[in-house]
Amino acid sequence: MPSTEPPSVPPANVLPKVAAIGAADGERLRSVHLPGITLTVRSRRPAREGLPPALYVHGLGGSSQNWSVLMPLLDGVVHSEALDLPGFGDSPPPDDGDYSITGHARAVVRHLDASGRGPVHLIGNSLGGAVVTRVAAARPDLVRTLTLVSPALPEIRVQRSAVPTGLLAVPGVAALFTRLTREWTAEQRVRGVRALCYGDPERVSEEGFRNAVEEMERRLQLPYFWDAMARSARGIVNAYTLGGQHALWRQAERVLAPTLLVYGGRDQLVSYRMAQRAARAFRDSRLLTLPDAGHVAMMEYPEAVATAFRELLADTADNTDTVGTGKPAGGERTDGAVDGEPANQTTGG
């Protein structure tokens, strides 16, 4: 019987050349080479010297471009960097094929350890929210504050609209979807993503839509695009089933950093009702609810998110220098590993 797994991915050094990823005004892109991974990092020149560093982590199917609207609004308070997780944006797949939450968290930790920028203001959306929660729990020394926009934390009763995304985790579904949608244009795909992720799809500007279509066309040329999507979706599902100290809600309770939680009332992927549970789980938290926002509030309502983030920094200014002095939580290793969750659990091999 033929395998239902996505086809194997060629090494990064033999991948086909695709169009360059876009950079907005004031942004620069660079490649960071680390053991087992290469990360593309998007950054902005700080408004002045001495600003505290911030690192942004995108969600499933996203990239560092997801933060290009929010970052300029914070130029005066932080020095911003956003990374493309392995297999997304312009970052090639990880050498070990590990797309688990822990694998992505390990990539973030390796980057922070190598750059020496920590402790940082750590910001994550969706999948990125789960990733940075794990980082903050395992490596409190790297985190000044934590901001989570619709974090992908486990839900007992998943919204019906989120089920198709979860089905990508099932072996063979990504390959089947690829065949069924072979004739779809990049524009059709972007319209579908926009309808799923935005509370009001009309809030996307014409320029933003054109940029998204161009990026979708670029991604579809990458032979590992669906593999990265499927294995990362599987990583989320697997993380939802973990118990004990590795459970995401248990790790949320261990986070020491002051935490800003942002939830959208029209989010079709992360339920609005999880906002209060999250507010109880994170010990030092504040909650911003945006009734008309969907899954990517930092793109729909960047001014509101920026204002809440600035207030977080202002209220914690006296404490952020000491937030990062805590000892690493149980199980963390100094080689960039995060906790003791088995590596490669989502590689399918």
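**Surface and burial**

I started with area: the chain exposes about 15200 Å², and carbon and sulfur atoms supply 52% of it (Shrake-Rupley method, 1.4 Å probe). Worth noting that this is a predicted model, with local features needing pLDDT of at least 70, side-chain atom pairs counting only at pLDDT 80 or more, and totals for chains, interfaces and linings using all residues. Residues are numbered from 1 along each chain as its sequence is written, and side-chain values use heavy atoms, leaving out hydrogens and water.

Next I checked burial: 54% of the 349 residues count as buried (under 20% relative accessible area, 1.4 Å probe, protein chains only).

**Fold and cores**

I find 12 helices and 8 strands in the chain (DSSP runs: H or I of at least four residues for helices, E of at least two for strands).

Then the nonpolar cores (buried Ala, Val, Leu, Ile, Met, Phe, Trp, Tyr and Cys joined through side-chain atoms within 4.5 Å). The largest has 53 residues, and V108, L122, L146 and F282 have the most contacts inside it. Helix α2 (residues 127–138) gives the most to this core, with 7 residues. Apart from it I see another core, of 35 residues, including M71 and L312.

**Helix α5**

Which residues of α5 are buried? I get A186, R189, V190, R194 and C197. They cover an arc of only 135° around the axis, so they sit on the same side of α5 (the arc uses directions from the helix axis to the C-beta atoms).

Notes:
Buried means under 20% relative accessible area, exposed over 50%, partly exposed in between (1.4 Å probe, protein chains only).
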